[in-house]
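Dear colleague,

Please find below the structure that I am handing over to you. My findings follow it.

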Amino acid sequence: MTTPVCTSASAAAAPARQTPYPSFASYVRARQPVLLRTARSLTANPSDAEDLLQTALAKTYVAWERIEDQRALDGYVRRALLNTRTSQWRKRRVDEFSCDELPEPEPVPGDDPAERQALHDAMWRAIGKLPARQRAMVVLRYYEDLSEAQTAEVLGVSVGTVKSAVSRALGKLREDPELVLAR
């Protein structure tokens, strides 16, 4: 027994190529605002987003005849946007430009030896005004660079005593008028 074959039904089953956009220009006119929003989400600068979209659309134009399913055009352009942006990230930016003359370096302010010595002297005078116990703790902690535990061991006191005494001493140093003027 043979099965009947209907030629008109098989021809109807094969879908014709869908062409919602008859030309590339009509696609761009219809979808540009949506694609531009996508490009803006990939860049921080609106001008860069426009350039990115133009590049992706140029790539799409080159491949326009090869794209069979025009319902996937947005996906194709989005992929072109993403690939183009990734390529831009990977390119090395050159921030240096050659020139005929080298610019003179700017003088560095604040490294005057006289000012540094004046501040040093003011600091030692202020430390000299502290009570002997606080002065010893500040010198051991900050000039000898001992830890709080090492300072406590040297002076025979607890770590908490060192912490509180150093804190009070630094508060007095911050309030010293000679140091305030020297800064």
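Is Tyr-143 buried, partly exposed or exposed? Its relative accessible area is 38%, so Tyr-143 counts as partly exposed (buried is under 20%, exposed over 50%, partly exposed in between; 1.4 Å probe, protein chains only).

The model is predicted: local features need pLDDT of at least 70, side-chain atom pairs count only at pLDDT 80 or more, and totals for chains, interfaces and linings use all residues. Residues are numbered from 1 along each chain as its sequence is written, and side-chain values use heavy atoms, with hydrogens and water left out.

The protein has a mean pLDDT (the predictor's confidence in each residue, from 0 to 100) of 82, and 84% of its residues reach 70 or more. It contains nine helices and zero strands (DSSP runs, numbered from the N terminus: helices are H or I of at least four residues, strands E of at least two). Of its 183 residues, 26% are buried.

Tyr-143 lies in helix H6, residues 132-143.

Asp-176 sits in the loop between helix H8 (159-175) and helix H9 (177-182). With 8% relative accessibility, Asp-176 is buried. Beyond its neighbours within four places in sequence, Asp-176 is in contact (heavy atoms within 4.5 Å) with Ala-126 and Lys-129. The side chains of Asp-176 and Lys-129 are joined by a polar contact of 3.4 Å (a pair of N or O atoms within 3.5 Å; within protein, one must be able to donate a hydrogen and the other to accept it, and residues adjacent in sequence count only if both atoms are side-chain atoms).

Yours sincerely
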